[in-house]
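This briefing covers a single protein chain. Please read the points below alongside the sequence and the coordinates.

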Amino acid sequence: MLKSVDKCPGLYCGRTVLANSSLSDCGACLRGFRVERTVRLFAVFTKAELILHASACIEVFLSAFLTILFTDPVWELRINSCGVQKLSDWYTLFHNPTPNYETTLYCTQEAVYPLQTMIFVFYLFCVTFMMIIRPGLNVKFLSKRGKLAVYYALYIFPILALLHAVAGGLIYYSFPYLSIMISVVSNALHFSIKINQNVMVLLETSLMQMRNLTILLGHWVLLAYGIISIPYDISYFALLLVPAPALFYIFTARYTDPENFK
């Protein structure tokens, strides 16, 4: 029976279980082994990352929820919208008429209300919740990397706001196609970085490893959302094509192996 002993000093000193079930003196681990506490540290590190990712998801959800509540009609989970009829609806600033080429009649307005302003409100809520929730989590779990994530976000949100102000209409009309393209390309990149391109290995790692399965489902959700967003009468049976890019890569990867072209 193993007895309780003092922890070995240092990061890599440990004890080995001997044949008589006793513990050895502190020393280096056998080749192929390492001290158990590093495994626990790795688990804590992974848990910390998951907590911060969950925090980001909660922040975005709360921001979206409050944005809807603060949009007319206030405190209701619905939105009164003017709708979008054409691209110029997003850029009324450039369509102020000049009757008889004399005085310009300024009619700049949010013709696509509230699709322009509510995005800025959403970004404001995101920054607010991030500054309220994230610092405490960063101090407790990931002090250095967590701070960097906050710093990057403080740069990214203004850039996103500027991008929405300048190219909101273009993004609105191209969003379905951008979603489909990004999903397909990122799906191919995800599979291409794997060393073993065997069909069964790709299938097994995609379905059995939680990280790969999460990434794959994320690609599928983005692709499905892009298909649904296409402004044409498309049957919902088209959603059956969502797994097609992943399956196409898995079953054709062996034909593009560089070894086949030597």
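The model is predicted, so local features need pLDDT of at least 70 and side-chain atom pairs count only at pLDDT 80 or more, while totals for chains, interfaces and linings use all residues. Residues are numbered from 1 along each chain as its sequence is written, and side-chain values use heavy atoms, with hydrogens and water left out.

**Annotated spans**

- An unreviewed UniProt entry places the feature "transmembrane region" at residues 50-70, 118-137, 149-167, 173-193, 213-230 and 236-256; UniProt positions follow the numbering used here, feature names are shortened, and annotations may be inferred rather than shown by experiment.
- Residues 149-167 are 100% helix and 0% strand, with 25 Å between the end C-alpha atoms.
- Residues 213-230 are 94% helix and 0% strand, and their end C-alpha atoms lie 26 Å apart.
- Helices (H or I, at least four residues) and strands (E, at least two) are DSSP runs numbered from the N terminus.

**Salt bridges**

- The model has two salt bridges, each defined as a side-chain nitrogen of Lys or Arg within 4 Å of a carboxyl oxygen of Asp or Glu.
- In one, E59 pairs with R134, with the closest N and O atoms 2.7 Å apart.
- This pair links distant parts of the chain, as E59 is in helix α1 (residues 36-69) and R134 in helix α2 (residues 117-140), 75 residues apart.
- E59 and R134 are both buried, where buried means under 20% relative accessible area, exposed over 50%, and partly exposed in between (1.4 Å probe, protein chains only).
- R78 forms a salt bridge with E76, and the closest N and O atoms are 2.7 Å apart.
- R78 counts as partly exposed because its relative accessibility is 45%, and E76 counts as partly exposed because its value is 32%.

**Surface**

- M131, L148, Y151, Y152, L154, I156, I159, L160, L163, I171, F175 and Y225 make a nonpolar surface patch of about 1100 Å².
- Patches are made of residues with over 30% relative accessible area and no salt bridge, joining like charges within 9 Å and nonpolar side chains (Val, Leu, Ile, Met, Phe, Trp, Tyr) within 5 Å.
- Accessible areas come from the Shrake-Rupley method with a 1.4 Å probe; for residues, only the protein chains shown count as cover.
- Helix α3 (residues 143-192) gives the largest share of the nonpolar patch, 10 residues.
- I156 is in helix α3 and is partly exposed, with a relative accessible area of 43%.
- K7, in the segment before α1, counts as exposed at 69% relative accessibility.

**Pocket and cavity**

- On a 1 Å grid over the protein atoms alone, a cavity is a set of points where a 1.4 Å probe fits but cannot get out, and a pocket is an open set with protein on both sides within 12 Å along at least five of seven lines; lining residues have an atom within 4 Å of a point.
- Grid points are joined across faces, edges and corners, and a volume is the space filled by probe spheres set on the points.
- The largest pocket holds about 780 Å³ of space.
- Its lining has 20 residues, of which L115, I119, H164, F175 and Y225 lie nearest the centre of the pocket.
- Helix α3 supplies the largest share of this pocket lining, seven residues.
- There is one cavity of 30 Å³ or more, and S183, V184, N187, H219, W220, L223, V242, P245 and A246 line the largest cavity.
- Elements α3, α5 and α6 (244-252) give two or more residues each to that cavity lining.
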